[in-house]
Amino acid sequence: AVDAAVTTSKENAYLVNKESVYEWGSNLSAANTGMLLYMANDIKPNEEYVAYANHHLNYIYGVNATGYCFVTGAGTLYPQRPHHRVCEVLEKCIPGMLVGGPNSNLEDPYAKAVFVDYPAAKCYEDNAQSFSVNEVTIYWNSPLIYLLTAAQQ
């Protein structure tokens, strides 16, 4: 699985384990792949695993087709209107949350209206109405925390 992820990543313009479809929570799979690569490096050291794990982290932080850092409050272009009930009630974005990211399956009314004929990697917009691209969940943040920790070592 690790070597397959590296092979697919080499073929992606942003060096991540994505092909032609970006699913709901695509940033979770990017973060999980990065985590897998770091873990594999712990078992069998390989500079390529670390390099591609770092590419996955870089993707989440803005080296992607949208230019967005997908973590609220980080960088210069980041989500400010996530689909998150607490943020909507407070009318303010809580920093540090990973949004779902591009979703080429067009799974909410907003996405169906806006992203028709968009390239898969660009099916993202910072809009609270688009829950299929801009939702946040605790379990999406978990691998991000692992990536950030592993990248510091």
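User: Which residue forms a salt bridge with lysine 18, and how far apart are the closest N and O atoms?

Analyst: Side chains of opposite charge can pair when their charged atoms come close. In this predicted model, the partner of lysine 18 is glutamate 23, with the closest N and O atoms 2.9 Å apart.

User: Is lysine 18 buried or exposed?

Analyst: Lysine 18 has a relative accessibility of 8%, so it counts as buried. Glutamate 23, at 26%, counts as partly exposed.

User: Over which ring does the charged end of lysine 18 sit?

Analyst: That ring belongs to tyrosine 22, and the charged end of lysine 18 is 5.8 Å from its centre.

User: How many salt bridges does the count come to?

Analyst: The count is 3 salt bridges. One of them joins glutamate 48 to lysine 10, the closest N and O atoms being 2.8 Å apart. This pair links distant parts of the chain, since glutamate 48 belongs to helix H3 and lysine 10 to helix H1 (residues 2-11), 38 residues apart. Glutamate 48 is partly exposed at 31% relative accessibility, and lysine 10 is partly exposed at 45%.

User: Which residue forms a salt bridge with arginine 81?

Analyst: Arginine 81 pairs with aspartate 126, and their closest N and O atoms are 3.6 Å apart. Because arginine 81 lies in the loop between H3 and H4 and aspartate 126 in the loop between helix H5 (109-114) and helix H6 (131-134), the pair ties together parts 45 residues apart in sequence. Arginine 81 is partly exposed, with 46% relative accessibility, whereas aspartate 126 is buried at 4%.

User: Turning to the rings, how many aromatic pairs are there?

Analyst: The count comes to 7 aromatic pairs. Among them, tyrosine 59 and phenylalanine 70 have ring centres 6.0 Å apart and planes at 45 degrees, so this pair is tilted. Tyrosine 59 is in helix H3 (residues 47-60) and phenylalanine 70 in the loop between H3 and helix H4 (85-90), so the contact ties together parts 11 residues apart in sequence. Both residues are buried.

User: Why is the pair of tyrosine 139 and tryptophan 140 edge-to-face?

Analyst: Their ring centres lie 6.0 Å apart and their planes stand at 65 degrees, so the pair is edge-to-face; the cut-off for that class is over 60 degrees. Tyrosine 139 is exposed at 52% relative accessibility, while tryptophan 140 is buried at 2%.

User: Which residues do ring pairs link into a cluster?

Analyst: The cluster consists of Tyr59, Tyr68, Phe70 and Tyr124, linked by ring pairs.

Key: Residues numbered from 1 in each chain as written. Predicted model: local features only at pLDDT ≥ 70, side-chain atom pairs only at ≥ 80, totals over all residues. Heavy atoms only, no water. Phe/Tyr/Trp six-rings, centres within 6.5 Å; stacked < 30°, edge-to-face > 60°. Helix = DSSP H or I, 4+ residues; strand = E, 2+ residues; numbered from the N terminus. Buried < 20%, exposed > 50% of the residue type's maximum accessible area, 1.4 Å probe, protein only. Lys NZ or Arg CZ within 6 Å of the ring centre and 35° of its normal. Salt bridge = Lys/Arg side-chain N within 4 Å of Asp/Glu carboxyl O.
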